[in-house]
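Reader: I would like to learn how to read the packing of helices and strands in a model. Could you take me through an example?

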Amino acid sequence: MINRKIKITAAAFLTTAALCSCSNNIGHEENSKPEQTAAVTSAQQSSSADSTFINETTSRTSTVTDTDKTYICTSFKYEQLSGNEKNIYNTVCAGLSEHKETIELSTDITIDSFNRVYDAVLTTMETQMYCPTRTYQYSYTESDSNVSKIVPEYKYSADDTQRIHEEVEAAVSEVLSQVSSEMSQVDIVRLFHDYIINDCEYEDRVNTATDSEIEEMMHQSDYDNAYGVLVRHKGVCEGYARAFRYLCLRTGIECELVSGTSCGEGHMWNIVKLGSDWYHIDLTWDDPILYSGKSEHDNIRYNYFNLSDEKILTDHTIDSTYYQYPGADSDSANFFIYYGLYAQSAESADEIIKRELVKIYNNEERVIYIKAASEDVLSEIIQHLFEMNGLYDILSDIQDQADYLNDITQVVKAVDNENLILKIIL
């Protein structure tokens, strides 16, 4: 029988206010003289679509031919471009992939329209996931404000970009080796979510830095892209989102980057298509980076794992300046609902705990997650488990059949009252 003197520690969840520190703006400096150049810096954006990758389960591919360098992108952002904008998009993607010093544009395009196109390039071209080209100069005519060419400022040489690509692919192969045929799309997305959060250290200096300091920090590092996250193991929200999208693309799961704000600061996360439904997923806000140092309650969170528009918009805003995002109105792939961790009574919480204890042998974290249906249900569950010895009774019954639970000497209770989530750490 289990020792009734097991120590229970209560650990309150902290808020996520300090997480918001990523910016994703494009700054413009225009010159009033005709046929002059203007410098453009895209501080921290997002994107993905290159030469030969499968980007959704229907196996549509993004391709480029040797003859006309025409890119075919299946991103919903690309589909919202006009015909002329798509031509410019193809031209820019071809030029960036060839590391051209100057990219002559195929047709006339206004500055505003080009900004929209380059936003699509930066958030949908595959190479931009791990080696983004954020800064460039463009030439334009004052009379009609048409852009005629751009001069990209590459962060890395063509050889270095190829080396980076190979290093990223090696890291991706390591992650994909953990994917099995028995896994559902939700399981695979959870694998990527957990891998990035566990493997990468969040650069929390951005939480207190000024915008100019953040821009310089990103310029001197790879925190904002998949290379920094998957190879160098350090990143910020944008790097998390780009790395997650890159992994999804490699498994045929359709995924996009979402630019917006949280806590009033620029932020980036993902929207992913599972089955026929879209869901928001924010790895940064599920990373337990708010705790000072590691502790027994410093675990991965799933508060932002596959949320609907209604749920994500309670503390996030979406930037729809250039594009409309697909609606996310389903909860079926939400972490707590999909994995049967949603409790509508104390009795259903008991059943969840019993089921999870059987599985916990293979769970390194030894954490049980429960989301209550309401505040009253959460109070009922906590009272039943911790004030009326319900958890002790369950552990006593299970321990007779599960020797691996004999080493339990402490139970940590962590309650997120705002999101109605209870974590039990054994």
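Predicted model: local features only at pLDDT ≥ 70, side-chain atom pairs only at ≥ 80, totals over all residues.

**Helix packing and the sheet**

Reader: How are two packed helices described?

Author: Two packed helices are described by the angle between their axes and the distance between the axes. Here, the axes of α5 (residues 158-176) and α6 come within 11 Å and cross at roughly 125°. The pair is therefore oblique.

Reader: Which handedness does the crossing of α5 and α6 have?

Author: The crossing in which α5 passes α6 is right-handed.

Reader: Now the sheet, please. In what order do the 5 strands come?

Author: The order is β14-β13-β12-β11-β15, in an open sheet with antiparallel pairing. At the edges are β14 (305-307) and β15 (316-318), each pairing on one side only. On average, neighbouring strands of this sheet are turned by 45° against each other, direction ignored.

Reader: How many bridges join β12 to β13?

Author: There are 5 bridges between β12 (residues 265-274) and β13 (residues 277-281), and these strands run antiparallel. K273 stands opposite W278 in β13.

Reader: Which strands do helices α6 and α9 lie across?

Author: Helix α6 (residues 185-199) lies across β12, β13 and β14, at about 120° to β14. Helix α9 (residues 237-250) lies across β11 (255-262), β12 and β13, and runs at about 15° to β12.

Notes
Residues numbered from 1 in each chain as written. Heavy atoms only, no water. Pairing = 2+ DSSP bridges. Helix = DSSP H or I, 4+ residues; strand = E, 2+ residues; numbered from the N terminus. Axes fitted to C-alpha atoms, helices over the stretch in contact; angles between N-to-C directions. Contact = heavy atoms within 4.5 Å. Parallel < 35°, antiparallel > 145°, perpendicular 65-115°, else oblique. Left-handed = near helix turned anticlockwise from the far one by under 90°.
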